[in-house]
Amino acid sequence: MDAHIRERYQRQIALNEIGETGQERLAQASVVIVGGGALGSGTAERLVRAGVGHIRLIDPDRVELSNLPRQSLFTETDASTGAFKAEALAVHLRAINSACLIDAQTQSLEAANALDLLDGFDVLIDGTDAMPTRYRLNDAAVKLGLSWVHAGVVGTEGQVLAVCPGQTPCLRCVFPDPPDAGQLPDPAQRGVLGTVVGLACALQATAALRLIVDPEHMPPPRLVTFDVWTGHWRALRLPATPVPECPCCGAKRFDFLEG
């Protein structure tokens, strides 16, 4: 490790949990982030600052003024020009860490292209707010054997779940079917507090860093939920291994990759 790298990441390298070996693993790692909005942008920033070597961003949307209170890194200029989120985010991330390879994809993740866009990466980050896309990510991750970290926020509440296919329960082990649209709280009506996004991104990025640096010693699977307004935290204990009855892990049905 050269002196410049050691100087830049000295506080991180000093951690027993990372050290020089972990920092080198981060530099060689590749992460794909689906969704460049609130969760995706905040988690991407933390991973780039930590020294992850390659980030792919997938998001077809453009920056809007209403995004700025909770979507990290975007500026009023990005909103006024209607820049693609993936491309604007790539510009800002490169300014933070020029050594990181940033690949911006301004397309939707669909059943037809999911495997091509996600294959070959070390970790997948769920930055989407669309439930069908989230279940498509789970299908693709299980089929490709790709570890991934789910996160979701609404109001002042959030949740985070790390999944290691073949080792831990997947999203469908926990929630076999996506809820009907009418059962879900609408973020446009209920709102989203920017600070809950920040906490969710910190937890999501930490799980991703741990998957890269020390995948052999991940904690037991938990669905972590929290409310930043009340300070309430809960860690729901999950089965230690994939659920045999799971339609994805057990039956190997990839319903959300079939259109």
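Predicted model: local features only at pLDDT ≥ 70, side-chain atom pairs only at ≥ 80, totals over all residues.
The buried residues of helix α6 pack against α1 (3-8), α4, β2 (54-58), α5 (76-81) and β3 (101-105). The buried residues in question are Lys 85, Ala 86, Ala 88, Leu 89, Ala 90, Leu 93 and Ile 96.

How is α4 placed relative to α11? Helix α4, residues 38-50, packs with helix α11, residues 194-213, at an angle of about 50 degrees, and the two axes are 8 Å apart. The crossing of the two helices is right-handed.

Which residues make the contact? On the α4 side they are Ala 38, Leu 39, Gly 42, Thr 43, Arg 46, Leu 47 and Ala 50. On the α11 side they include Val 197, Gly 198, Ala 200, Cys 201, Ala 202 and Gln 204, together with Ala 205, Ala 208 and Leu 209. By class, the contact holds 11 nonpolar, 4 polar and 1 charged residues.

Next, I would draw your attention to Asp 139, in helix α8, residues 131-144. Is this aspartate buried or exposed? Its relative accessible area is 0%, so Asp 139 counts as buried, the cut-off being under 20%. Leaving aside neighbours within four places in sequence, Asp 139 is in contact with Arg 172, Cys 248, Arg 253, Phe 254, Asp 255, Phe 256 and Leu 257. The C-alpha atom of Asp 139 is separated by 9.5 Å from that of Ala 114, and these two residues are 25 residues apart along the chain.

Finally, a word on the backbone. Most residues other than glycine have a negative phi. Leu 73, although not a glycine, has a positive phi of about 85 degrees. Leu 73 is placed in the loop between β2 and α5, and at 23% relative accessibility it counts as partly exposed. Lys 252, likewise not a glycine, has a positive phi of about 55 degrees. Lys 252 lies in the segment after β8 (232-237).

Note on methods
Residues numbered from 1 in each chain as written. Heavy atoms only, no water. Axes fitted to C-alpha atoms, helices over the stretch in contact; angles between N-to-C directions. Helix = DSSP H or I, 4+ residues; strand = E, 2+ residues; numbered from the N terminus. Left-handed = near helix turned anticlockwise from the far one by under 90°. Contact = heavy atoms within 4.5 Å. Nonpolar A, V, L, I, M, F, W, Y, C, P; charged D, E, K, R; others polar. Buried < 20%, exposed > 50% of the residue type's maximum accessible area, 1.4 Å probe, protein only.
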